[in-house]
Amino acid sequence: MSETTAVPLAEKAVYSSRPASFAGYFRLLHPFPVAANGVAAAAFASLAVRGWAGWRTLLVVAAIVGSQATVGVVNDLRDRDIDATAKPHKPLISGRATVRGAYMLGIASLFIALVTGAAMGWVSLLLVVAMTAAGLIYDLWLKRTAASFLPYVLGLPILPVWAWVCVRDAPPRLWITYPLGVLIGLGLHLANALPDAEHDAATGVRGIVQIMGVARAAMLCYLSFVATLGAAFVLTNGRRDVVSTALFGGAAALLIGAALAHAFTFALRPTATVKTLQRNWGVLIGCAICVAAGWLWTL
């Protein structure tokens, strides 16, 4: 056996000097959640001004993309030990990206987030730092613990508030957005963790899903969305119009669709449940965006 083939897979990924593919580095950014955050931030900023906010919208998108890309890169760097067995296809494990390259990519993403955030004022910079810090705290310290939901609960509701104040002054009701977003943050954390529950448990992770059990965690996930949607609907009584009603209706349809897909898959094709939960992650992100957009439209 040659010296090359004797090196374990994870070690080869860390020390390999061969050129890594562009696709590998692109995957390190976690493109789907990063793009979803960018779309959401642009939508929230546009809702604030009831139109296109010009160059500030571009800065908003650049700042949140840079922030969440940094979180994504650090997540993969931190999870190399777990991914070596559970997800050998990940870029740092398969050798499509190097550790050094990942660090450089993360630093560049953070630089973009801070510079573009600062370009919109000190309040914007402070909130960008807060959102990024929440993600990094999750990656580095809380992800494998029972407190893994806290960065989602505390950090995620900042996004619509931040996008708004970047383009116009905040009305008093805007600040209700933060407590409204707390339960949706919990729901999105659970939706993100549920597909990996089995692999995470096998590698020693003891997050809220492992403590509660998958069935209870899934129920809490859907109830978190129901509670937030219901609260937003009640609080906008007398302010709703066709647009906000349509957005709330869209959120309800996405939520019901995700819950039914999960229930039917679990009952009829249990082996496909993980794939359904992976799809539901994207569906519930869409639900969260619709709820937030419906609320912001009424301000």
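Mentor: Residues are numbered from 1 along each chain as its sequence is written, and side-chain values use heavy atoms, with hydrogens and water left out.

Trainee: What pLDDT does the chain average?

Mentor: pLDDT is the predictor's confidence in each residue, from 0 to 100. The chain averages 92, and 93% of the residues score at least 70.

Trainee: Where does pLDDT stay under 50?

Mentor: Over residues 1-17. Where pLDDT is low, the predicted coordinates should not be read in detail.

Trainee: Why is Phe44 called buried?

Mentor: Buried means under 20% relative accessible area, exposed over 50%, and partly exposed in between, with a 1.4 Å probe and protein chains only. Phe44 has a relative accessible area of 3%, so Phe44 is buried. Phe44 is found in helix 4; helices are DSSP runs of H or I, at least four residues, and strands are runs of E, at least two, numbered from the N terminus.

Trainee: Which residues is Phe44 in contact with, leaving aside neighbours within four places in sequence?

Mentor: Contact means heavy atoms within 4.5 Å. Among the residues in contact with Phe44 are Leu159, Pro160 and Ala163.

Trainee: Why is helix 11 described as largely enclosed by the rest of the structure?

Mentor: Seven of the eight residues of helix 11 (residues 158-165) are buried, so the description holds. Trp162 and Trp164 are among them. The buried residues pack against several helices, including helix 4 (31-49) and helix 17 (273-297).

Trainee: What makes Asp79 and Arg144 a salt bridge?

Mentor: A salt bridge is a side-chain nitrogen of Lys or Arg within 4 Å of a carboxyl oxygen of Asp or Glu. For Asp79 and Arg144 the closest N and O atoms are 3.4 Å apart. The two residues are 65 residues apart, in distant parts of the chain.

Trainee: Are these two residues buried or partly exposed?

Mentor: Asp79 has a relative accessible area of 6%, so Asp79 is buried. Arg144 has 22%, so Arg144 is partly exposed.

Trainee: How many salt bridges does the structure hold?

Mentor: Six. One of them joins Asp196 and Lys87, with the closest N and O atoms 3.2 Å apart. That pair ties together parts that are 109 residues apart in sequence, because Asp196 lies in the loop between helix 12 and helix 13 and Lys87 in the loop between helix 6 and helix 7.

Key: This is a predicted model: local features need pLDDT of at least 70, side-chain atom pairs count only at pLDDT 80 or more; totals for chains, interfaces and linings use all residues.
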